[in-house]
Amino acid sequence: MTFRYALCVMRLNELTIKEAQELMAKGEITSVELTKACLERIDEVNEKLNACLTVCKSEALREAEMADERRASGEVGELLGIPYIAKDNILTKGIRTTAASKILENYIAPYDATIIVRLKEAGAVLLAKANLDEFAHGASTENSAFGVTHNPYDLDRVAGGSSGGPAAAVAADMCIFALGTDTGGSIRCPASFCGITGLKPTYGRSSRFGLVAMTSSTDVPGPMTKTVVDAAIVQKFISGKDKYDSTTVDEKIDDYGSEIKKDIKGLKIGIPEEYFTEGLDKEVAELINRAIEKLTGLGVEFVKVSLPHTKYGVPVYYIITPSEVSSNLARHDGIRYGYSVHDGAKDLAEVYLKSRGQGFGPEAKRRIMLGTYALSAGYFDAYYLQAQKVRTKIKEEMDKELEKVDCLLTPTAPHVAFKIGEKAADPLQMYLEDIFVTGASLAGLPAISVPCGFANGMPAGFQLIGKRFDEKTLFRIGHNYQQATEWHKQKPNI
Amino acid sequence: MTNGINMKLTKQEIEHVAKLARLELSEEEIEKFGSQLSGVLDYIDQLKEVDVTGIEPTAQVTGLVNAWREDVVEYCDTEIREAALSQAPEIEEHQVKVKRILE
């Protein structure tokens, strides 16, 4: 049968959500077959990539069998039987969640994050927990306590961060899709570096309940996928108000599936000039320009806009984030869970000092120190309060420009993935990686990274930043672009 | 600099912050963090040039105000309770045990 032949040529783990769902609906393949194909791929390449920290093989096969039974009894669903990988700062009941930190190395959560519950209900199959920078602090996954994740396009290069594991896993077809978290670019940066699609939803769109908290005022989980269509499918399931997260907003969830089918003639996109100046690699700039030409050809009108406070995004972010990190990580105290130096400690203070001193890695310690300093007596006004006020200016400026256009288009990252070790010695160099991604995070706006070509064999993406809760327009533009291009179909040769 | 914000952090300041943060640091770490954090703070100092007269600070972006819920006790089954407690290094009679605080 020709169809069966086609399936043999294309391995099942390479399928998108949409393709896999169609084949399962037709009865051509089962979730168990799909899940096995992904698990085999993980076995095959994880040693090279170090994308997965924990593989839950038996649980995954059991969930796949259950999904097949649900389908046999007549159930249908876009994620029913679809295998995925979750970043390891998302709590999964009974399966280890480490946040890539030694302090949580053996932590097993007694409950699932809300987004995991939603995917379970939809019948998705959890394959593995993926690597990240410790506590999601970083832009390269080099800060993981369990080793760096390698970029599938060049093993000597980083996969980006902090969701480097999920990004590499999606790019290398170890799963059909992944869940990441984005605090200041952690979904978008690795999506750009690994040539996949990644959405940071509007702050408050998807529940943070059950994420290992980093920066509570900007943390948000989102999909990392092979196509924009797939991102829209996953986002639909993880959107919505959650009674366990009082910052989720009861906002209408658009019918993304029908919205993305609309063409993009007459849409207006703003190009903020501040994102196209110093620091942007020439070849990446060229790729972005070609994407703009392509979208122009599809009927989009581009206009120049100005966001003069863009350059303050990184300094604001590196006050707000460490400040919130220092209080969020205070819970890791060696008392209730996690790494503990208990025996031999003479008093409670010593348990704290030693457990935290030995349990946290260098970047977590740096951020705790920076935040503690910024919040301490005498410095609060100069640092934290000033940063919060500049944050207001960044937010108001972005909101104002977005009133004139449907969304903004920028590069996701200033360059392609860098060499492992290249920036690891200087924390400030690593912080500057976030230059194009902090704005949307500080303003709480949705932003998607879409692959738009290769420079020296390494992928790069453009970023669309939308109005609050207007994910549908980002999906619509991204999908139209992917209908007209092949960049998202490229595969690394591992 | 007279306001102390631009200066390189001293060893005493690093030790003080580490104590506030309940982090035991090695001599090497104190040295390294001293220069690294000074570099980052130097960079962050550019925020001072932004005129924020009359600007309100932003702590959250959703515009939500007072998300209340009923303050009711929810049932938590033994399995979850035990799973949560089982993560603690020292337990006595279903309670987490801590070291003495007072002499």
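Helix α17 of chain A spans residues 471-484. Its 14 residues reach 20 Å from the first C-alpha to the last, close to the 20 Å expected at 1.5 Å a residue. The expected span is 1.5 Å times one less than the number of residues in the helix. Helices (H or I, at least four residues) and strands (E, at least two) are DSSP runs, numbered from the N terminus. The model is predicted: local features need pLDDT of at least 70, side-chain atom pairs count only at pLDDT 80 or more, and totals for chains, interfaces and linings use all residues. Residues are numbered from 1 along each chain as its sequence is written, chains are lettered from A and ligands numbered from 1 in the order in which they are written, and side-chain values use heavy atoms, with hydrogens and water left out.

Eleven of the 14 residues of α17(A) are buried, so this helix is largely enclosed by the rest of the structure. Buried means under 20% relative accessible area, exposed over 50%, and partly exposed in between (1.4 Å probe, protein chains only). The buried residues of α17(A) are E471(A), T473(A), L474(A), F475(A), R476(A), I477(A), G478(A), H479(A), N480(A), Y481(A) and Q482(A).

E471(A) is also among the residues touched by T202(A). T202(A) sits in the loop between β7 (197-200) and β8 (220-225) of chain A. It is buried, with a relative accessible area of 0%. Its side chain reaches the backbone nitrogen of F469(A) at 2.8 Å. Leaving aside residues up to four places away in sequence, T202(A) touches V220(A), G444(A), L445(A), P446(A), R468(A), F469(A), D470(A) and E471(A). Contact here means heavy atoms within 4.5 Å.

The interface between chains A and B was examined next. In chain A, 69 residues are in contact with 55 residues of chain B. The area buried between the two chains is about 5,400 Å², and carbon and sulfur atoms give 69% of it. Buried area is the accessible area (1.4 Å probe) that two parts lose on being put together, summed over both. H342(A), M369(A) and Y373(A) supply 13% of the area that chain A buries against chain B, more than any other three residues.

The rule finds three salt bridges between chain A and chain B. A salt bridge is a side-chain nitrogen of Lys or Arg within 4 Å of a carboxyl oxygen of Asp or Glu. K311(A) forms a salt bridge with E49(B), with the closest N and O atoms 3.4 Å apart.

On the side of chain A that touches chain B, at least two residues come from each of α11 (313-328), α12 (348-359), α13 (362-375), α14 (381-402), α15 (427-431) and α16 (438-443). The largest share, twelve residues, comes from α14(A). By class, this side of chain A has 38 nonpolar, 17 polar and 14 charged residues. Ala, Val, Leu, Ile, Met, Phe, Trp, Tyr, Cys and Pro count as nonpolar, Asp, Glu, Lys and Arg as charged, and the others, Gly among them, as polar.

Over all chains, a search of the whole structure finds 36 salt bridges. In helix α2 (residues 17-25) of chain A, E22(A) and K18(A) lie four residues apart, about one turn of the helix. Their side chains meet in a salt bridge at 3.4 Å, N to O. E22(A) is partly exposed, with a relative accessible area of 42%. K18(A) is partly exposed as well, at 41%. The side chains of K129(A) and D88(A) meet in a salt bridge at 3.0 Å, N to O. K129(A) lies in strand β3 (residues 125-130) and D88(A) in the loop between β2 (83-87) and α5 (114-122) of chain A, so the pair ties together parts that are 41 residues apart in sequence. Both K129(A) and D88(A) are buried.

Some backbone geometry also stands out for mention. The peptide bond from G161(A) to S162(A) is cis, with omega near 10°. Phi of D173(A) is near 60°, a positive value in a residue other than glycine. D173(A) is buried, with a relative accessible area of 4%.

How values were computed
A polar contact is a pair of N or O atoms within 3.5 Å; within protein, one must be able to donate a hydrogen and the other to accept it, and residues adjacent in sequence count only if both atoms are side-chain atoms.
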